[in-house]
Amino acid sequence: MGAPALITESTVAFLRTHPPFMRMTPRDLEQIAAHARLAYFPVGSAIVDPAVTQARHLFIVQRGRVRSYNAATQGDDLVLDPGECFPVGALTANSPGTRRFDAIEDVFCLQLDKEHFDALRGVSPVFADYCTQAMASIVQQSVGALRTHFSQRAAEQQSLLQQLGKLVRREPIACEQSTSLRAALTTMRDESIGTMVVVDDARRPVGVFTLTDLRDRVVLDQVDLDVPISSVMSVKPAALDEAATAQDAMQIMAQRGYHQVLVTRAGELRGVVSERDLFSLQRVSMRNVLQSIHV
């Protein structure tokens, strides 16, 4: 049974006065109101404690104030007021995060479980962009945070300012637009790769075909394997010149939600650099990045 109409209306009216909800459609706001429950936290209580459990709910402060701080250092205090929500970054990254959130007054929050949080990201472009920007901000801030945190090991580590051309590990495996899907999949299996780059006659990348494309555009749609790969590839792949830096690649991956970036030389395919390649530069994972900054 859904929430009573008056409660739904008052919840929607509240959300409309705060970003990013003020830019979302009435239908999306009604979905939040339908699935959120009102939770009460007395002054001094912990709302989110990363030492205890991974983030499982989105909290939207409705009344009262919440203190956020780094649980490891007991510092970097922030105060969240009504309309602000947390922990967006930790939920988006499926990470426990490092921020603890305590009630510094009697607090009422709209509590949305992660299942509906993820569903909301899927149907609301505004909310999805809000979450993506949170992740992009995490990556953007990580450069300075990692330099500070790992300064004692700097001599051992390669710099995030290193040029992408130096990170290419192997000759790129690519196919032409007319290559059959069957042939491309055979090559992917034989070469143990998860991404096939599609190029034109001048070896300029025009698309990529990934295992996600295989699931969403081939298997689910029961596409014949003899069609040209150009009919099922993802167009306009993320590509950077080999003179660009690892930091540039990291930012574009976070902003677009990609796991690899194509490396080119004068427009011609030079190689592929993956998310794993970038984070191995600092010998850390995305979880380490998230733990170094506010999530």
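Colleague: Which strands does helix H1 lie across?
Modeller: Helix H1, residues 5-15, lies across strand S3 (57-63) and S8. The helix runs at about 90° to S3. Keep in mind that this is a predicted model.

Colleague: OK, and what order do the strands of that open sheet have?
Modeller: The order is S1-S8-S3-S6, 4 strands with antiparallel pairing.

Colleague: Which strands stand at the edges there?
Modeller: Strand S1 (37-41) and strand S6 (85-86). Each has a single partner strand, so one side of each is left without a neighbour in the sheet.

Colleague: Switching topic: what's the pairing in the open sheet S9-S10-S11-S12?
Modeller: Mixed; that open sheet has 4 strands in the order you gave. Strand S9 (174-176) and strand S12 (234-235) are its edge strands, and each pairs on one side only.

Colleague: How do S11 and S12 pair?
Modeller: In the antiparallel sense, over 2 bridges, with S11 covering residues 205-210. Val208 has Ser234 in S12 as its bridge partner.

Colleague: And which strands does helix H6 lie across?
Modeller: Helix H6 (residues 181-191) lies across S9, strand S10 (195-199) and S11, and runs at about 130° to S10.

Colleague: What about helix H7, at what angle does it run to S11?
Modeller: About 75°. Helix H7, residues 211-219, lies across S11 and S12.

Methods: Residues numbered from 1 in each chain as written. Predicted model: local features only at pLDDT ≥ 70, side-chain atom pairs only at ≥ 80, totals over all residues. Heavy atoms only, no water. Pairing = 2+ DSSP bridges. Contact = heavy atoms within 4.5 Å. Axes fitted to C-alpha atoms, helices over the stretch in contact; angles between N-to-C directions.
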